[in-house]
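Morning, everyone. Please have a look at it first.

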Amino acid sequence: MSETLQTTGIAASDADLLAQTAIAVREAGSALRERFGEVGRYRTREELMRALAANDDTALDILRPRLTRLRPDAGWVEDELDGGALPPGEWWVVDPAEGNVNHLHALPEWAVTATLVRENQPVLTAVHLPLTGETYTALTGAGAHLDGRPLHVSQTADLGLSIVATSQARPDEDEKVVRRVGSSITAMLFDALVVRAAVPATLHLVNVAAGRIDAFWQFAGARADLLPGALLVTEAGGRISDAEGRPWTPQSQSFLAAAPGVHAEAVSTLSR
């Protein structure tokens, strides 16, 4: 997967499949919205993990049967922390509650995502934000859209005028990665206009695709975090790479998505 994702012919069946995928993530989002609003109180990490799993299960009970009916032979990935390449063939990469911790703390930044990956290339994705009702979709070669309206990355050509964003290292991340996150934020604080740091990654990436944010970067990362946004940003005219500017794949140790006008500057800042 290069900074411009591989383009394939658009089959009518893929367009139909995207429409059905969008319906599925909306239905799952509605179920999670019904569980939203109270701030959870957890005395132990085990209690927190059970609450996270309950949210995941609520959405998966809807997503898994619907998506399996759409593509019965496709594999299934639902662990949002998994990374690396997938085996050959088609796979559903799903994050049933992207930003699950935010949901449990009554924060609004969470979503439901489903991406179809074919031979390790994302073919289509649907990202639904239940609290706003927005659904972001992308289909390889057909562009990125918000509720049917085309998305385009920003035209900003100066990192000093840019809003940039990152998400933190995952819980129990390697110390080297945590320190790299910290140093990269410091570098961006010197070079960019505004730096935003929050989870989840997907919500930053839909903002890059929509032209609201000019660049997003992350170290380590997982397939479910990055594949939906990678396709959305690319189809909206953005560039993706690793933090050193090399072609990004799910095995890469870093990720950068940016408007074309600031991509090179962002690589330079992150490489310091």
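**The sheet, the salt bridges, a helix and a pocket**

Seven strands make up an open sheet, ordered 1-2-3-4-5-6-7, and the pairing is mixed. Strand 1 (75–77) and strand 7 (149–150) stand at the edges. Each has a single partner strand, so one side of each is left without a neighbour in the sheet. One note before I go on: this is a predicted model.

Now look at strand 3, residues 111–118, and strand 4, residues 121–129. They run antiparallel, joined by seven bridges. Which residue of strand 4 is the bridge partner of Leu116? That is Leu124.

Next, the salt bridges. The structure has 11 salt bridges. Take Glu27 and Arg66: their side chains meet at 2.4 Å, N to O. Glu27 sits in helix 1 (residues 12–34) and Arg66 in helix 2 (residues 45–70), so this pair ties together parts 39 residues apart in sequence. Glu27 is partly exposed, at 31% relative accessible area. Arg66 is partly exposed too, at 31%.

Another pair is Arg43 and Glu47, at 3.1 Å, N to O. Is Arg43 buried or exposed? Arg43 is exposed, with a relative accessible area of 76%. Glu47, at 18%, counts as buried, because buried means under 20%.

Then there is Glu90 with Arg71, at 2.7 Å, N to O. This pair links distant parts of the chain. Glu90 is in strand 2 (residues 90–98), and Arg71 is in the loop between helix 2 and strand 1, 19 residues apart. Arg71 is partly exposed, at 21%. There is a network here: salt bridges with shared partners join Asp14, Arg71, Glu90 and Arg118.

On to helix 6, residues 223–235. At 1.5 Å a residue, its 13 residues should span 18 Å, and its end C-alpha atoms are 18 Å apart, which agrees. How many of its residues are buried? 13 of the 13, so helix 6 is largely enclosed by the rest of the structure. Just after helix 6, Gly237 takes a positive phi of about 100 degrees.

Last stop: the second largest pocket. It holds about 280 Å³ of space. Its lining has 17 residues, with Glu109, Leu129, Arg196, Leu203 and Asn207 nearest the centre. Strand 5 (134–139) and helix 5 (201–209) are the elements giving two or more residues to that lining. Helix 5 gives the most, with four residues. By class, the lining has 10 nonpolar, three polar and four charged residues.

That's the tour. Thank you.

Key: Residues are numbered from 1 along each chain as its sequence is written. This is a predicted model: local features need pLDDT of at least 70, side-chain atom pairs count only at pLDDT 80 or more; totals for chains, interfaces and linings use all residues. Side-chain values use heavy atoms; hydrogens and water are left out. On a 1 Å grid over the protein atoms alone, a cavity is a set of points where a 1.4 Å probe fits but cannot get out, and a pocket is an open set with protein on both sides within 12 Å along at least five of seven lines; lining residues have an atom within 4 Å of a point. Grid points are joined across faces, edges and corners, and a volume is the space filled by probe spheres set on the points. Ala, Val, Leu, Ile, Met, Phe, Trp, Tyr, Cys and Pro count as nonpolar, Asp, Glu, Lys and Arg as charged, and the others, Gly among them, as polar. The expected span of a helix is 1.5 Å times one less than its number of residues. Buried means under 20% relative accessible area, exposed over 50%, partly exposed in between (1.4 Å probe, protein chains only). Two strands pair if DSSP finds at least two bridges between them. A salt bridge is a side-chain nitrogen of Lys or Arg within 4 Å of a carboxyl oxygen of Asp or Glu.
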